[in-house]
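Subject: A structure for you to look at

Hi there,

Here is the structure I promised to pass on. Have a look at it first, and then read my notes below.

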Amino acid sequence: MQENGRILAGVFTRVKPQAKPGVSTLQLAEIALEEIRAVGAESAFLGYRGFPGAICISLNEEVVHGIPSPNRIMRQGDLVKIDMGIMRNGFYADMAETLYLGEDIPPETARLLATTKKALAAGICNCIAGQTLGKISQSIQQVIETESLSVVKRFVGHGIGRSLHEKPPVPNFGPSHRGPRLEIGMVLAIEPIATFGSPEVAIKQDGWTAVTADGALSAHFEHTVAISAKGPVILTSTCHAGQEGL
Ligand code: MG
């Protein structure tokens, strides 16, 4: 899983710069699929419960599960959420990032991104054996709500391993005492989603794409994280220096 995480992070790094104005979300997904196959992996999302895309690309008020489309052209000023999962040698890895297309990011948008990223970092820091899973949830909620933003509660993180979505669910909210105790060897996909205003979401006619009900921007960041004896290890990272002894 560590190897797969590193591979996925590498693919992500190569795909990200291809998200630019004038490119359709389908073109970006095709680039991603080519990269995924080039490293001997499969898209974890393509065909998952019938999902038609190789990756999820959600723009602006779209929250998650955006279907790549030839008609959806990315533009300057778009907030692009890329969510990518791979399967290789029977194991899964999952990660997501939100990018702003353009130089001059509006301060409020920058705050949304920074806060969601910070919430992910807080969640990861609580991936400690012996602690309850609720510590992850509570720390994420606290970071987001301290900035007067809302947690989108409809979607949660998850265990990951031989399946893309395994138990336990990892909510981005709730009290610290809730959930199972974390154990060495568990691997979790931690994925906070934050928005301005209302946390309510709606599903578009395509049956997949979730949008904020009030049309506000949302942000999503995700890492696959292992709980080790030495503490949390971000598997979806291109740098695993010092983590060889896991
Ligand atoms: Mg996930």
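This is a predicted model, so please keep that in mind as you read. Let's start with the metal site. Four protein donors hold positions 2.1 to 2.3 Å from the magnesium ion: D94 (OD), H158 (NE2), E191 (OE) and E222 (OE). Along the chain, their spacing reads D-x63-H-x32-E-x30-E. D94 sits in strand β5, while E191 is in the loop between β9 and β10, 97 residues apart. Both D94 and E191 are buried.

Next, take a look at D83 in strand β4. D83 is buried but has no salt bridge, and the nearest side chain of opposite charge, K81, is 11 Å away.

Now for the salt bridges; the count comes to 7. One of them pairs R88 with E3, with the closest N and O atoms 2.9 Å apart. R88 belongs to strand β4 and E3 to helix α1, 85 residues apart. R88 is buried at 14% relative accessibility, whereas E3 is partly exposed at 43%.

E62 is buried, with a relative accessible area of 4%, and forms a salt bridge with R72 (2.4 Å, N to O). E62 also forms a salt bridge with K204, where the closest N and O atoms are 2.7 Å apart. E62 in strand β3 and K204 in the loop between β11 and β12 are 142 residues apart. Through shared partners, E62, R72 and K204 join into one network.

Enjoy exploring!

Note on methods
Residues are numbered from 1 along each chain as its sequence is written. This is a predicted model: local features need pLDDT of at least 70, side-chain atom pairs count only at pLDDT 80 or more; totals for chains, interfaces and linings use all residues. Side-chain values use heavy atoms; hydrogens and water are left out. Donors are N, O and S atoms within 2.8 Å of the metal (3.2 Å for Na, K and Ca); water is not among the atoms, so sites may look incomplete. Helices (H or I, at least four residues) and strands (E, at least two) are DSSP runs, numbered from the N terminus. Buried means under 20% relative accessible area, exposed over 50%, partly exposed in between (1.4 Å probe, protein chains only). Lys and Arg count as positive and Asp and Glu as negative; His and the chain ends are not counted. A salt bridge is a side-chain nitrogen of Lys or Arg within 4 Å of a carboxyl oxygen of Asp or Glu.
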